[in-house]
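Let's take a walk through the aromatic side chains of this one. Have the sequence and the 3D view open as we go.

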Amino acid sequence: MTSYIHELPDWPKFCWDVSRLAESLAAVRHRQGRLIGRMETLGFPLRSEATLENLTQEILKSSEIEGEVLDREQVRSSIARRLGMDIGGLTAADRHVEGVVEMMLDATQKFAEPLTEERLYDWHAAMFPTGRSGMTRIKVGIWRDDASGPMQVVSGPIGRERVHYEAPRASLLPKETKAFLDWFNGGAAIDPVLKAAVAHLWFVTIHPFDDGNGRIARTITDMALARSEQTAQRFYSMSAQIRQERNAYYDILERTQKADLDITLWLEWFLGCLDRAFDGAETTLAKVFGKARFWERHAGAAFNDRQRDMLNRLLNGFEGKLTTSKWAAIEKCSQDTALRDIDDLVGRDILRKEPAGGRSTSYALIGP
C-alpha cells in the first residue's frame with residue numbers, strides 16, 4: 001500500500017539540504033530585491049498598472065491550473081474597482097469572479113494580518129458562492145468530512161482511475177490545520193521565500209476542503225511572498241509560471257507527497273519556478289510601459305468612449321481577432337457604427353487591417 005508523507009512518524013518535521021539550496025535561494029532573493037527596487041523608481045500610475053496586470057494574471061492562471069477559465073475583463077474590472085483604480089469601461093463581474101478576486105486581494109493587500117481558520121473559511125466560501133463546484137454540491141466554508149470516502153486526488157476514466165494522492169483523515173484536520181496555522185503565523189527561523197514554498201506544500205498536503213485546495217495553497221503562497229517583500233504591490237505572477245509548468249508542478253507534488261520528509265527537491269523546483277516567474281515579469285512590464293507610451297503619444301488625440309475602451313482592451317491583451325462584429329457586441333453599438341470607429345483609427349494609423357479580407361476581416365494595433 002502506498003504511504004504518504006503525512007503518515008510518517010515525524011510529520012510535519014520537514015527538512016532540506018541547505019547547501020544545495022544556498023546558491024539558487026541567493027539568486028532568487030537578489031532578483032526579487034532588484035525587481036522591487038526597480039518598481040519603486042516608477043511613478044504610482046505605472047506601479048498600480050503593473051500590480052493590476054499581475055493580480056489579473058495570478059487569478060486567471062491559478063484557475064486555469066485547475067481547468068477553469070475565467071473572463072479576463074471581469075477579473076480585471078473587479079480588481080480595479082476594489083483597488084479604486086480608474087480604468088474606464090468597467091465590466092460587471094459574476095459572483096464567482098468577485099469571490100476569487102476578494103480572496104486574492106484579502107491575502108495580498110492584508111498580508112501582514114494573521115492567517116486564521118475563519119479567514120480560510122471566508123476564502124473558501126467566497127470561491128464557491130453557490131455552494132457547488134460545477135454540478136457537485138460541496139461543503140463550503142468548513143473543513144471537509146469523509147462521508148463519501150477518503151479525500152483523493154485521482155485521474156483517468158471511471159473504473160481505471162489512478163490515485164495520485166490521499167489526504168489525511170477528516171478527523172485529523174483540526175489538529176493538522178492548527179499546527180499549520182501556528183507555524184505560518186509564527187516567527188520560524190526560515191527564509192521568507194522558503195517559508196512560502198513550505199506553506200504551499202504543507203497546505204495542499206493537508207487538503208482540508210472539499211475543493212479549491214490548490215487555489216487556496218497558491219493564494220497562501222502569494223501572501224507569504226508579499227510578506228517576504230513587505231509590499232502589497234505585486235510585480236510578478238507565480239501562478240502564471242506554474243501554469244506554464246503545470247505537468248512538472250503536479251509531478252513534483254506527487255513525488256514529494258509519496259517520499260520522506262526531506263523536501264529539498266520540492267524547494268529546488270519552487271525556487272526555479274519563482275526565478276522563471278521573474279522572467280515573466282519583464283514581459284508584463286514591457287506591456288505596461290508600452291501602454292503608457294501609447295497614451296503619451298496620443299495625449300492630444302480625440303477618441304470617443306467606444307474607441308478608448310477598445311484601445312485599452314487591445315493594449316491589455318485582447319484575446320482572439322478584433323472584428324467589426326466583436327467591436328459592436330462589446331461596445332453595444334451597430335456594426336455600421338463599429339466600422340466607422342475602426343475606419344477612423346485605421347485612417348489615423350492606429351489600427352491596421354489584417355491581410356485576410358472578406359468575412360474574415362480583422363484589425364490589429366500598429367506597433368510603435
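Is Phe 294 buried or exposed? In this predicted model, Phe 294 is buried, with a relative accessible area of 4%. We'll come back to that residue once we've seen some other rings.

Searching the whole structure turns up 19 aromatic pairs. Take Phe 180 and Phe 184: their ring centres are 5.9 Å apart and their planes meet at 25°, so this pair is stacked, given that planes under 30 degrees apart count that way. Both residues belong to helix α6, which runs over residues 173-185, and because they are four residues apart there, about one helical turn separates them. Phe 180 counts as buried at 1% relative accessibility, and Phe 184 is buried too, with a relative accessible area of 1%.

Now back to Phe 294, whose partner is Trp 295. The centres of these two rings lie 5.0 Å apart with the planes at 85°, so here we have an edge-to-face pair; the cut-off for that label is over 60 degrees. Trp 295 has 17% relative accessibility, so it counts as buried, since the limit is under 20%.

Phe 180 and Phe 184 are part of one aromatic cluster, together with Trp 11, Phe 14, Trp 183, Trp 202 and Phe 203.

Finally, look for charges sitting over rings. Phe 184 shows up again here: Lys 195 lies over its face, at 6.0 Å from the ring centre. Elsewhere on our tour, Arg 234 lies over the face of Tyr 236, at 5.4 Å from the ring centre.

Conventions: Residues are numbered from 1 along each chain as its sequence is written. This is a predicted model: local features need pLDDT of at least 70, side-chain atom pairs count only at pLDDT 80 or more; totals for chains, interfaces and linings use all residues. Side-chain values use heavy atoms; hydrogens and water are left out. Rings of Phe, Tyr and Trp (its six-membered ring) pair if their centres lie within 6.5 Å; planes under 30 degrees apart count as stacked, over 60 as edge-to-face and the rest as tilted. Helices (H or I, at least four residues) and strands (E, at least two) are DSSP runs, numbered from the N terminus. Buried means under 20% relative accessible area, exposed over 50%, partly exposed in between (1.4 Å probe, protein chains only). A charge sits over a ring if NZ of Lys or CZ of Arg is within 6 Å of the ring centre and within 35 degrees of the ring normal.
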